[in-house]
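Here are my notes on the structure, as numbered points. Please read them with the model open.

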Amino acid sequence: MVIHRKKRVIPDGLWIKCEGCSGLIYRKAMVERFYVCPECDYHFRISAWERIRITLDEGSFQEFWPDMEPVDPLDFKGYKEKVQTEQKRTGLKDAALVGTGTIHNRKIVFGATDSNFIMGSMGSVVGEKITRASALARERRLPLVIISGSGGGARMHEGMFSLMQMAKTSAALFSLREANGIFISVLTDPTMGGVMASYASLGDIIVAEPGALIGFAGPRVIEQTIKKTLPEGFQTAEFLLEHGFLDMIVSRQDMRRELSRLIDFMIGPPEGAETEVASGAKQTPNVTTQETMSASGGLSTEEDSGKDQNETMED
């Protein structure tokens, strides 16, 4: 007698391959860890809406200017079609979401760019939304937090209209600073090009996620230009922290709590709020600063890379 067993079908998407350690991860476990690999701590790229979900208090986000979408001032071939395709694919009008929300009941102005929409490149809409968010924070005297995930730089399809957003967003943040407002810039993988060369690098405090690629031009372009091999780990968050460009590196699971702590430190906790210290909480967030790196003798992930990088910089 022959017994035929029914073949078990594994649903698609149940497992995902980690880009950091190449291991197979149970998708549900990864989602529970905010899209961070449980084995190697690799931080997957996530959408702007997902950023809002894991960073702000549930249901607190109110989007501003949701109907703003790009035009084609140069009649750039294929640009209109590309924008329409991206809008259908991502559900976004453009690469940025801005509005107000709360973190631990503290109201803030919040923005996030999405690398899924034309690599998060900054065109006229992204620049205008960041500028308006800065003005809103100034007018309402609220902290401004922007999480950048832009690997495309300025959007070439819009020419000068795109390039001018660098100056416009920088000027808006200067006005915010003149009004004694605070701006926390969070850099994620990737933050490159015109975004990094403008508002993303102008935070009163600059935070990054572990392993994020951060810079202006890509490593390959730099090597071809200077005809030299770049140091190992060049343009990673860890390298930039060691060389003084960042204030701290914060794991995604701890980002919400750490942003709340930074805001409380800069402007004081809300009236009647119970802080973690007062409540006796003894949580140790996954935060790396220059002091902790110095105490541990360099980069925690690559013990010898910091020494090699310093020697290369001196050469």
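1. In helix α2, Arg-51, Ile-54 and Thr-55 meet Arg-252, Arg-256 and Leu-259 of helix α9, where contact means heavy atoms within 4.5 Å. By class, the residues of this contact are two nonpolar, one polar and three charged. Here Ala, Val, Leu, Ile, Met, Phe, Trp, Tyr, Cys and Pro count as nonpolar, Asp, Glu, Lys and Arg as charged, and the others, Gly among them, as polar. Helices (H or I, at least four residues) and strands (E, at least two) are DSSP runs, numbered from the N terminus.

2. This is a predicted model: local features need pLDDT of at least 70, side-chain atom pairs count only at pLDDT 80 or more, and totals for chains, interfaces and linings use all residues. Residues are numbered from 1 along each chain as its sequence is written, and side-chain values use heavy atoms, with hydrogens and water left out.

3. Helix α2 spans residues 48-55 and helix α9 residues 252-267; their axes are 9 Å apart and the packing angle is about 60°. Axes are lines fitted to C-alpha atoms, for helices over the stretch in contact, and angles run from 0 to 180 degrees between N-to-C directions. The two helices are therefore oblique to each other (under 35 degrees is roughly parallel, over 145 roughly antiparallel, 65 to 115 roughly perpendicular, the rest oblique).

4. The open sheet has eight strands in the order β3-β4-β5-β6-β7-β8-β9-β10, with mixed pairing. Its edge strands, β3 (62-63) and β10 (287-288), each pair on one side only. Helix α4 (residues 124-140) packs on the sheet and touches β3, β4 (96-103), β5 and β6 (144-150); its direction makes about 30° with that of β4. Two strands pair if DSSP finds at least two bridges between them. Strands β8 (residues 205-208) and β9 (residues 248-250) pair in the parallel sense over two bridges, and Ala-208 has Ile-249 in β9 as its bridge partner.

5. Arg-106 lies in strand β5 (residues 106-113). Is Arg-106 buried or exposed? Its relative accessibility is 14%, so Arg-106 counts as buried (buried is under 20% relative accessible area, exposed over 50%, partly exposed in between; 1.4 Å probe, protein chains only). Leaving out residues up to four places away in sequence, Arg-106 touches Gly-101, Ile-263, Asp-264, Ile-267, Gly-268, Pro-269 and Pro-270.

6. The whole structure has zero disulfides (a pair of cysteine sulfur atoms within 2.5 Å). For Cys-18, the nearest cysteine sulfur is that of Cys-40, 3.6 Å away. The sulfur of Cys-37 is 3.7 Å from its closest cysteine sulfur, in Cys-18, too far for a bond. Cys-18 counts as buried at 1% relative accessibility, and Cys-37 counts as buried at 0%.
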